[in-house]
Amino acid sequence: MPDHAVLELERFLPYRLSVLSNRISSAIAGAYSQRFDLTVTEWRVMAVLGRAPDLSANQVAQRTAMDKVAVSRAVARLLEAGRLLRSFDDDDRRRSVLRLSDAGYAVYDQIVPMALGFEQQLLGELPADERDLLFRLLDRLDELELRAEHAGKDGAAA
């Protein structure tokens with residue numbers, strides 16, 4: 001059998017982050033998916049718009065790093081369910097912007113405390129200094145990833 005490259009998944013950061021993110025998202029989703037008939041993607045759209053209303057679907061996709069098609073489907077379903085409102089940007093009438101409707105905020109206002117409670121349960125055993133370090137490291141990894149992504153695009157164009 002020929003030798004193959006070795007990828008130790010348990011030490012490969014993208015794999016570890018993906019698995020952890022999927023497990024945490026699934027656990028949180030268990031608390032709201034059936035009760036509110038929401039998918040993880042729909043909740044992420046609502047969470048972003050609850051914090052930053054009047055974004056386009058593309059802006060939501062950028063902020064969440066989710067696939068534009070998945071965001072578009074989630075937006076369509078949320079609009080149909082009456083949880084989102086769509087209007088046109090005052091500066092550019094061709095650009096539509098999204099915000100939570102009253103019904104959307106009614107759901108949002110119930111899920112946010114559940115999500116925060118889950119986070120507290122998850123992080124509760126970490127001392128405050130370790131939680132602070134975790135978020136500083138996540139911010140730093142985000143910064144490094146964006147830099148690497150930008151460098152990759154520059155290299156591809158050359």
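Let's start with Asp-54, which sits in the loop between α2 and α3; helices here are DSSP runs of H or I with at least four residues, strands are runs of E with at least two, and both are numbered from the N terminus. This is a predicted model, in which local features need pLDDT of at least 70 and side-chain atom pairs count only at pLDDT 80 or more, while totals for chains, interfaces and linings use all residues. Residues are numbered from 1 along each chain as its sequence is written, and side-chain values use heavy atoms, with hydrogens and water left out.

**Loop residues with positive phi**

- Phi of Asp-54 is near 65 degrees, a positive value in a residue that isn't glycine.
- Most residues other than glycine have a negative phi.
- Asp-54 has a relative accessible area of 33%, so it goes down as partly exposed (buried is under 20%, exposed is over 50%, and partly exposed is in between, using a 1.4 Å probe and protein chains only).
- Asp-37 is not a glycine either, yet has a positive phi of about 55 degrees.
- You'll find Asp-37 in the loop between α1 and α2.

**Salt bridges**

- Searching the whole structure turns up five salt bridges, each being a side-chain nitrogen of Lys or Arg within 4 Å of a carboxyl oxygen of Asp or Glu.
- One of them pairs the side chains of Asp-37 and Arg-77, at 2.8 Å from N to O.
- That pair ties together distant parts of the chain, 40 residues apart: Asp-37 is in the loop between α1 and α2, and Arg-77 is in helix α4.
- Arg-77 is partly exposed, at 34% relative accessible area.
- Glu-143 and Arg-140 are about one helical turn from each other because they are three residues apart in helix α6.
- Glu-143 also meets Arg-147 in a salt bridge, at 3.2 Å from N to O.
- Glu-143 and Arg-147 are four residues apart in helix α6, again about one turn.

**A buried arginine**

- Arg-83 lies in the loop between α4 (68-80) and β1 (84-88).
- Arg-83 is buried but has no salt bridge, and Glu-42, the nearest side chain of opposite charge, is 5.5 Å away (Lys and Arg count as positive, Asp and Glu as negative, and His and the chain ends are not counted).
- A polar atom of the Arg-83 side chain lies 2.8 Å from the backbone oxygen of Phe-36.

**The largest pocket**

- The largest pocket has a volume of about 2,300 Å³.
- Its 44 lining residues include Ser-21, Ser-25, Arg-44, Phe-135 and Leu-138, which are the closest to the centre.
- A pocket is an open set of points on a 1 Å grid over the protein atoms alone, where a 1.4 Å probe fits, with protein on both sides within 12 Å along at least five of seven lines; lining residues have an atom within 4 Å of a point.
- Grid points are joined across faces, edges and corners, and the volume is the space filled by probe spheres set on the points.
- Helices α1 (13-36), α2 (40-51), α3 (57-64), α5 (102-123) and α6 (128-157) each give at least two residues to the lining.
- α1 provides the largest share of the lining, with twelve residues.
- The lining divides into 30 nonpolar, four polar and ten charged residues (nonpolar: Ala, Val, Leu, Ile, Met, Phe, Trp, Tyr, Cys and Pro; charged: Asp, Glu, Lys and Arg; polar: the others, Gly among them).

**Ser-72**

- Ser-72 lies in helix α4 and is partly exposed, with a relative accessible area of 42%.
- The C-alpha atoms of Ser-72 and Gln-120 are 31 Å apart, and the two residues are separated by 48 residues along the chain.

Conventions. Polar contact = N/O pair within 3.5 Å; in protein donor to acceptor, adjacent residues only side chain to side chain.
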